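Subject: Structure for your review

Dear colleague,

Please find below the structure that I am handing over to you. My findings follow it.

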Amino acid sequence: VMTLPALVQLKKIIPEHCGLFIVCPPALHDFYSTIPQVDKIICLHKAHHAWTRDDLRRVNRLHAGVGVLFNNSLRDTIYFRLARVGKLFGACARGRGILLTRGFKYPPRLDKHLNNLHHAEKYLSMVYALGAPQWLGEMPKIAIGEARELCCGDVVGDVLKSSKVMTLAAGAAYGAAKRWPSEHFHKIAEYWIKRGGVVAVLGSAGESRIAEEIGAGLSPDKCYNLCGKTDLHQLMAVLVHSTICVANDSGIMHLSAALGGRGIAVFGPTDPSSTSPVSADWTIVFEKQPCAPCFERVCPLGTARCMRVVTAEKIIKILDRITADEK
């Protein structure tokens, strides 16, 4: 999602007879297919693996004159060269600078300090070097499409028929350290339901247990476990329908923000100055600890203090302020 501002600006300078092509792992295909600025998507056969001959052939057939690498992969840089992409722009990382037409040097990330360089700004700096105009906050109009089976007794359909829906993104693929405790999410859910609302817990199938912890003791027709039960379009439909989203630093947080949603994000071991939502409609809660951000997947101290110090009561106060018009 943090590449979207750069893609929007890049599209503005591409000649009419050319196109904006995305080369990505399979899991990102459905997301990029919703972005109207994207003309073609080349899915590599597998993420984080060597390219196949077919991967190389398909990229070569694009006849792309310029490649902008938003990742730091030396491997992908080599393969773009082998696919005869004429000019490559990207960050000088992992010794690949010699392979780039222009390499960009960014300050090294520092643990325990806010780095004050957002990923979206880093990506934008690359496309500015190609002549793209300054980004003024415009995001693409993401094409949600038709969410399947929404009104056929499906649990997703039940959520979309409800009013005052709060969505919770309580998981975090990066690691347990990024997770605000389930008991805090439970208090938030309980409070929202008492206000007359409905709660939908979102995430992957592997995060269903977290949703069960959050919904323990709450009415199943008021607190829905949607973990693993949505495809991308259904997930986006639920986020668009949502009144408010409360999330960890996660992909769902970024997606909700890109769709224009309002939300509250709890940060701890990661850096909100680098990976906060690209939106003015999100409130960031980060209570700086001496050891944070540490960027570890599991808390080295075993206390997860940076997350636990953020209380449910604090989030409820912010929630009341943001959603005062919904009472």
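I begin with a pair of helices in this predicted model. Ser182, Phe185, His186 and Ala189 of helix H7 make contact with Ile210, Glu213 and Ile214 of helix H8. Sorted by class, the residues of this contact comprise 4 nonpolar, 2 polar and 1 charged.

Two packed helices are described by the angle between their axes and the distance between those axes. Here, the axes of H7 (residues 182–194) and H8 (residues 208–215) come within 8 Å and cross at roughly 50°. The crossing of the two helices, H7 and H8, is right-handed.

Beyond its neighbours within four places in sequence, Leu4 is in contact with Phe31, Ile35, Met139, Pro140, Ile142 and Ala258.

Ala258, a contact of Leu4, is one of the buried residues of helix H10. This helix, H10, spans residues 251–258 and is mostly covered, with 7 of its 8 residues buried. Besides Ala258, the buried residues are Ile252, Met253, His254, Leu255, Ser256 and Ala257. Just after H10, Gly260 adopts a positive phi of about 90°.

Yours sincerely

Technical notes:
Residues are numbered from 1 along each chain as its sequence is written. This is a predicted model: local features need pLDDT of at least 70, side-chain atom pairs count only at pLDDT 80 or more; totals for chains, interfaces and linings use all residues. Side-chain values use heavy atoms; hydrogens and water are left out. Contact means heavy atoms within 4.5 Å. Axes are lines fitted to C-alpha atoms, for helices over the stretch in contact, and angles run from 0 to 180 degrees between N-to-C directions. Helices (H or I, at least four residues) and strands (E, at least two) are DSSP runs, numbered from the N terminus. A crossing is left-handed if the near helix is turned anticlockwise from the far one by less than a right angle, and right-handed if clockwise. Ala, Val, Leu, Ile, Met, Phe, Trp, Tyr, Cys and Pro count as nonpolar, Asp, Glu, Lys and Arg as charged, and the others, Gly among them, as polar. Buried means under 20% relative accessible area, exposed over 50%, partly exposed in between (1.4 Å probe, protein chains only).
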